[in-house]
Amino acid sequence: MSAAFVATLGAFCFAFAAAGCAPSSGPAASAAHGEGLLPARVRRLSNVEYERTLEALLGKAVPVARALPPDVRQDGYTRNAAQAVPPGYGTRLSALVRDAVASAVGERLEELLPCHPRSGDACRDAFVADAAFRAFRRPVGASEKAALERLFDAGARGEAGFRGGVELVLRALLESPSLLYLRELGPAAPPGGVVTLGPYQVASSLSYFLRGAPPDAELYAAARRGELSTGEGRERQARRLLGHSGTRHQFRQFVMEWLEIDALDQAAKSETLFPEFERLRPHMLAETRAFVDEVMVNEGASLASLVDAGFAAVDPAMARFYALDAYGARVPARDRGRAGLLQQASFLSAHAHPDMTSPVKRGDFVLRRMLCIELPRPAELDIEIVMPRPLARQTARERFIAHSADPSCRSCHALIDPLGYVFEGFDAMGKTRAIDAGKPLRTAADVAIRGERRYFADSAALSAFLARNVEAKQCYLRQAFRFFSAQTDADAERAFLEVVLALPDERRDNLLEALVAYVKSDLFARRKVPAP
Amino acid sequence: MSPGSGLPLRFVGVYTPHGSARELFRPGPGFDLGYEDASLAPFEAPARGGKRLKDYLLVIDGVDLAAGIQVGTVGHDAARVILTGSGADGKNASIDQFLAVESGLGAETPHTTLTLAVGSDDAGLGFNLSYSRGGTPVPKVIDPAALFDELFGVPLTAASRRQLAEERRRGRSVLDFVRADLARLSARAPGFARERLELHHTSLREIEKRLSPRSRRCERPERPDPARFPKLRSFAGGERYFETVTDSLVDLLARALACDLTRFSTLFLSDLTLTRTYPELPNDIHSDVAHRYRPRTGRSPGDPATWRPLALQNRHSYGKVARLMQRLDEAGVLADCLLYVSSDMGDPARHSSRNVPTLICGGSGGRFKLGRYLDLGGPEEGSELLPNNRILVSICQAFGVPVQRFGHSADPATVTGALAALSG
């Protein structure tokens, strides 16, 4: 296993030759100073991270993520360094914060305070100090504190009283750049230099890395005691945080974005062909979330367990849809063809058209997101894109085989489409089917992966292959690293894989262990300073 | 040439989907737009003063989204090239943001810019016209009721007027703190992070505008009834309401421009897929109309049966542009508007970003020679690229911003120079 892993690590920038269809390769790792480190950066929290931060500050969930303008995505992930606060974002955020704070202060003032309002200025000062520290995720300077106290007094003027002061301070903190941006800068250093993050920046980085939420009191205490400057200290905190149920959100979010199903709740299917879809959609998404929780908690979030667990985590509605005899968190489902994530209705619905399956979408997904093979888009090759016209008595596979016969399309689609055909046993909303257009279905396909020919009887066979395949495991780790680190950086990805490689065999497939190992490594608390 | 009235010039960038059926996009002899199946037929409609809308129209064929083609930002992704003159690697602002924010021409109005879209507020390349400097897409408004509230707010009573004044006072206190916090952060941030933080400063200036009392500039229109568009998004059941949504957005935009609530705007139109607007068209316009288009080329006569459905889709988009022009004309400001209307593709079946259908509409303050067809097109194969950057340079100059370059390309010639032919 180790030898194969090392060999394919060398093939990280795999060059793939097929006429007209050369997958892109990543840049070679730099040997420069700071190799493998993430860049120093100031990144705006994603909408979901902001929502969790708001929840931590107000003590109650407020659904703002969907009300904000959508995040800019990089590689499909919402956590990234490209987020900003353009006009339109700022105005919307400001209005949402105003309403959320008014409601929190109106309904639960005392829960927001570390003291009783009757204690007057003392309570004001205690509230300001506590709220500002938690919002800024660092000790607050004297001038910042004084400005907040003045703001409190301005808010408390007239009828508004103490309540008005609290409201204005919370509004300012929740809109403040010190809260909105995660700073991973360390001390000033010239471009190309390497910096070490201070204890509070490490605490925030660690918490947002693992949980997508601000540090808790214990993590701040560890920062204060200087414990986060050692790998062991960071590891202790990481393991503690991984034990929190709130950390599961982050893993669900990763899988939803990696599988490109996080937009499924806004997708539609033909009401004529799939009248059940609207009703079942929330159950589908709930299934994937429950499945990820189960695999994360009890299976270490390994790729093998995600794609080939052999069980489903279904409620009664999804159990009926899958023709399972039982419902619950671990219902054996392999004999129904449901090996893991790739046979879940959420995934199969997201990667299909509103009215029919799409071997191209499903095959393309497997190449891009499971094997990290990027093919050129047709427009880049100046190819006329002819959608296969649906004909009566023609299966989707027959339709796409005809389309892929076109010489200009063939070189790519010979790679893509067969990986999609193996899913043809599921319709456009993931229901098992044995016939298409009145004809028996064929799910078996010969597939070429990185130049090697493989035969899969169906998608479950593909899942079993992916579960064991070294390149798929690496791709999974790279995808996870892009999400958790909120950065696409080939050099840092390679360093992450090297950290994982150094783990004992029995822990190497466990994503939780991989993330902990990275947090523990020297890479975590240092950054390279990018060029201007 | 339409003389300008001396009012400040207003800009609207409009995206139309699915390129064009070029055969039915080109005007007939004598600038005839009314021939059978012509996609530009809506511009034959009358305008005030015995004119027609087409008297305020410059039809341009043969422009290429060159900066995108050079770096592979083509097909649907090329929407970002239209107003930025840059591919995905560009970091410059789109022309609406450049003129309004960076050149300060939007400073006087309550809304520096308006960014509108039908059916999708996605931040991806293929869904956005407007970008801030640094390459960040500007968030879009897709809900006509939300747009109305942004523009016109709620009617004020004496009590609510006092409440509003108090809220503005509190809002300004919050803003002062946030601004000081941003200044502290910016001062400590290294150079590579400052551009993003500078964008945040722009955002705060917009909040400040919202907190300033407004003089009454015009009558409030009726608020669009949200019950008429219970869903707003594509592929999520919104399509059946797009006709209402588009018309509402267009009417509110015209009112905002006429009332000088903004001078810079963009509008990203949606296609007819799943809308059932025309029973004779297939339900899936993208797959079954745009992808089936077979143009006439030097090598092939094409398939005329595929031209008409695409031209009908195009005509629908141009009908919305004509509606906007009519509303502006009714308000007496059409002569002082410059609309730049284009698509991400020319031939949609190839996803080609060459020969993108292009219109300049509105009097443009008398800067361009209107009421004519400008055929700049060479053959698809072999001819040199004609970058749309030249149109962007010409538009900047029309607004009195004397740039010679616009956009980003490794080839300086792509981004340099105006398109003199626009002036006749």
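Colleague: At what angle do helix α5 of chain A and helix α6 of chain B pack, and how far apart are their axes?

Modeller: Two packed helices are described by the angle between their axes and by the distance between those axes. In this predicted model, local features need pLDDT of at least 70 and side-chain atom pairs count only at pLDDT 80 or more, while totals for chains, interfaces and linings use all residues. Residues are numbered from 1 along each chain as its sequence is written, with chains lettered from A and ligands numbered from 1 in the order in which they are written. Here α5(A), residues 142–156, packs against α6(B), residues 158–188, at about 175°, with the axes 10 Å apart; helices are DSSP runs (H or I, at least four residues), and angles run from 0 to 180 degrees between N-to-C directions of axes fitted to C-alpha atoms over the stretch in contact. The two helices are therefore roughly antiparallel (over 145 degrees).

Colleague: Which residues make the contact of α5(A) with α6(B)?

Modeller: From α5(A) come A147(A), L151(A), A154(A) and G155(A), and from α6(B) come R170(B), S173(B), F177(B) and A180(B), where contact means C-beta atoms, placed from the backbone, within 7 Å.

Colleague: How many residues of chain B are in contact with chain A?

Modeller: On the side of chain B there are 48, in contact with 46 residues of chain A. The elements of chain B giving two or more residues to that side are β7 (136–137), α6 and α7 (191–210), strands being DSSP runs (E) of at least two residues. With 12 residues, α7(B) gives the most.

Definitions and conventions:
Angles under 35 degrees count as roughly parallel, over 145 as roughly antiparallel, 65 to 115 as roughly perpendicular and the rest as oblique. Two residues are in contact if their C-beta atoms, placed from the backbone, lie within 7 Å.
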